[in-house]
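Please read them beside the coordinates.

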Amino acid sequence: MRLVKVAIAAALPIAAASTILPGGTVSAAPSVLAAPTYSTTLVGPGTAAMYPVDVTQNSQYYFVLDAGRYRLIAVNRSTGAIDCQIGGLQGGGPGQFGDARALDYDATHNELYVADTPNNRVEVFSFSNTLCASNSASAFTFLSQFGAKGTGPGQFSQAYGVAVDAVHGWVYAVNGAGWVQKWTLTTATTPSTYISQFNGAGLNQPRQVTVAPNSDVLVMNARAHECDVFNSAGTLLFTFGSLGTGPGQFTDDPRGVSVSQNGNLAFVTDSGGKRVEVFNLLTTGANYSGWTFAYTIPSGTGASAFVGPRGLTTTSDNHLLLTDEWGFSLHELSFTPTGATVTRNLFGSAAPLPGVDSPRGVRVAASGQVYMVDYWNMRIEYMNGNGTGAASFGFRGNPNQAGAINFAWDAAISPATGNIFVANRENDQVQVFSPSGTSIKIFGKVGSANGLMKFPQGIAFAPDGTLLVDDSGNDRIERWTMSAGDTVATWTANYGTKGMGKTAPPGGLNNPTGIAVAADGTIWVADTLNNRIQSMSTSGHWTVFGATTGIGHQIGFKVPWGVTVAPDGSIWISDTGNNRIVSMSTAGAVNFNASAASMGVPAAPMDSTIYPFSIAFNGNTVYLSDIWNNRVLVLTTH
């Protein structure tokens with residue numbers, strides 16, 4: 001027991017003499033860098049017109065789920081303008097959204113159901129056409145929510161799809177773990193209640209779901225590259241589609257599904273193939289009994305090009321509306337049993353430069369240029385330290401595609417070559433770029449064996465030139481050796497194992513995110529979902545920090561996303577869940593806690609707090625990515 005207490009440094013008292021600073025913070029030694037103060041904002045919000053992932057409709061509006069701007073909007077079907085919206089700031093409170101992925105409309109009760117994916121719930125909103133037409137902020141009203149994180153009945157491991165069956169008074173919700181759940185509809189007096197769940201022969205990462213006019217249920221079985229058709233009792237009737245590039249096949253990652261109002265056609269987005277595949281649905285009795293291939297809706301050119309097709313919906317007048325997440329647009333088409341033509345393209349403008357949307361990793365090159373991972377805009381943005389000369393590289397693309405950046409979380413700059421190493425999270429890879437963005441090398445593929453990775457998030461170089469990668473999906477750290485010119489990557493070691501909770505043993509990791517390496521080779525890692533920081537010495541000894549130590553009450557870390565070794569050797573932590581920056585000694589003694597108020601950071605349009613993700617130094621200048629406020633701040637310390 002005594003050895004465990006020694007390993008957990010957060011339980012130790014301050015060993016060094018301390019000085020009380022204004023606000024009750026403590027400096028462990030006079031040489032430690034002081035709490036920073038706000039200087040300026042390097043770059044502010046830069047968002048596309050929208051990042052739409054799903055759509056539904058009533059007679060007057062298209063309801064669009066804008067994932068990248070964390071909002072639900074109503075687009076006037078006549079004018080094509082946004083008349084009203086709800087949301088706009090990432091969160092888990094009532095009426096807020098994470099990276100929500102699906103929605104549906106209950107015309108009987110004028111209610112909208114939103115699958116708030118990372119928050120493991122379905123939110124229910126009432127809607128008023130009249131209030132929306134007058135641009136009222138009250139057009140959408142949060143009513144209730146159902147679901148929670150977990151593996152039991154009525155719980156979710158990511159809520160991916162939602163569909164209303166108004167005939168039976170049910171709503172179907174897709175659990176990313178491989179189930180479709182059935183709930184009662186919410187009414188003015190009664191919230192939704194769980195009924196049952198089904199998964200047929202097994203669903204592999206199911207995505208969106210729709211209810212056909214005959215009450216059969218179509219579910220996108222994404223990783224099986226097929227659409228599964230169930231009756232309302234949850235019995236699997238048949239499947240259609242397969243992996244491939246031919247007619248009726250899905251290139252990769254089929255997402256959205258919708259059925260024509262007459263029940264005869266099924267439309268499926270082949271997201272990887274940048275097209276929509278259309279199928280005839282055959283009926284025997286009350287249910288569907290089979291299918292035949294009808295036709296393909298290929299990508300057009302210019303404004304009609306499909307870049308990232310996602311969810312879609314059909315109307316009673318035979319129009320198809322398709323959301324294009326990475327075309328930042330809505331494509332409206334008219335369709336017949338034999339083909340479809342584009343009638344209108346709405347929105348479509350990309351994010352401006354400079355500008356960031358949910359910025360994550362920040363690094364400073366030897367030249368003084370600042371590199372930022374612009375998460376939602378799928379790019380690396382870089383500029384001079386004073387904000388001039390902004391440029392970017394990267395785009396949304398397929399794995400192994402040179403230049404493709406897909407929901408990257410962090411970047412590192414090689415001290416030997418100056419090349420930019422990007423933790424390309426959704427690709428399960430690391431991609432190496434020249435400082436101006438030429439793709440040099442891609443390495444890694446999904447898996448858990450040595451040299452494989454899943455959802456890499458943090459990335460940093462050690463003093464000896466080796467590369468450390470937070471293999472977050474496998475809850476470990478990988479070390480790689482790069483050849484001259486960074487053209488060959490060789491895996492050399494793994495560190496850490498899966499461990500859940502603050503009481504997990506040292507070395508137990510749960511979704512590690514930030515990573516940094518001290519001059520002596522000690523590895524520091526943000527053990528994010530365990531709400532703690534850990535270090536690993538060069539001899540392999542792990543030390544856990546659940547909170548700092550010092551005079552007065554010390555608040556425990558809450559979802560820390562970043563960790564940085566400052567020039568003076570102190571450890572700076574992006575304690576995101578507590579909306580603060582923390583500096584501590586290598587023994588865990590607090591130097592300071594800094595909030596937006598204490599640093600003099602101006603309030604963002606929708607929030608007065610900060611959501612720190614990554615910290616980078618250039619002498620006494622500190623760059624901080626404020627993730628949910630869509631900005632990178634410049635701070636000064638002494």
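1. The second largest pocket has a lining of 26 nonpolar, 11 polar and 2 charged residues. Bear in mind that this is a predicted model.

2. How much space lies in the second largest pocket? The volume is about 870 Å³. The lining counts 39 residues, and those closest to the pocket centre are Arg363, Val364, Phe461, Thr564 and Val565.

3. At least two lining residues come from each of strand E28 (359-364), strand E32 (410-413), strand E36 (456-461), strand E42 (515-517), strand E46 (562-565) and strand E50 (612-618).

4. Searching the whole structure for cavities of 30 Å³ or more turns up 1. The largest cavity has a volume of about 60 Å³.

5. Which residues line the largest cavity? They are Val53, Arg101, Tyr160, Arg207, Gln208, Arg255 and Arg310. By class, this lining splits into 4 charged, 2 nonpolar and 1 polar.

6. Is threonine 313 buried or exposed? Its relative accessibility is 8%, so threonine 313 counts as buried; the cut-off for buried is under 20%.

7. What does threonine 313 touch, beyond its neighbours within four places in sequence? Its contacts are Val55, Thr56, Gln57, Ser258, His319, Leu320 and Leu321.

Note on methods. Residues numbered from 1 in each chain as written. Predicted model: local features only at pLDDT ≥ 70, side-chain atom pairs only at ≥ 80, totals over all residues. Heavy atoms only, no water. 1 Å grid on protein atoms, 1.4 Å probe; cavity = no way out; pocket = protein on both sides within 12 Å on 5 of 7 lines; lining within 4 Å. Points joined across faces, edges and corners; volume = space filled by probe spheres on them. Nonpolar A, V, L, I, M, F, W, Y, C, P; charged D, E, K, R; others polar. Helix = DSSP H or I, 4+ residues; strand = E, 2+ residues; numbered from the N terminus. Buried < 20%, exposed > 50% of the residue type's maximum accessible area, 1.4 Å probe, protein only. Contact = heavy atoms within 4.5 Å.
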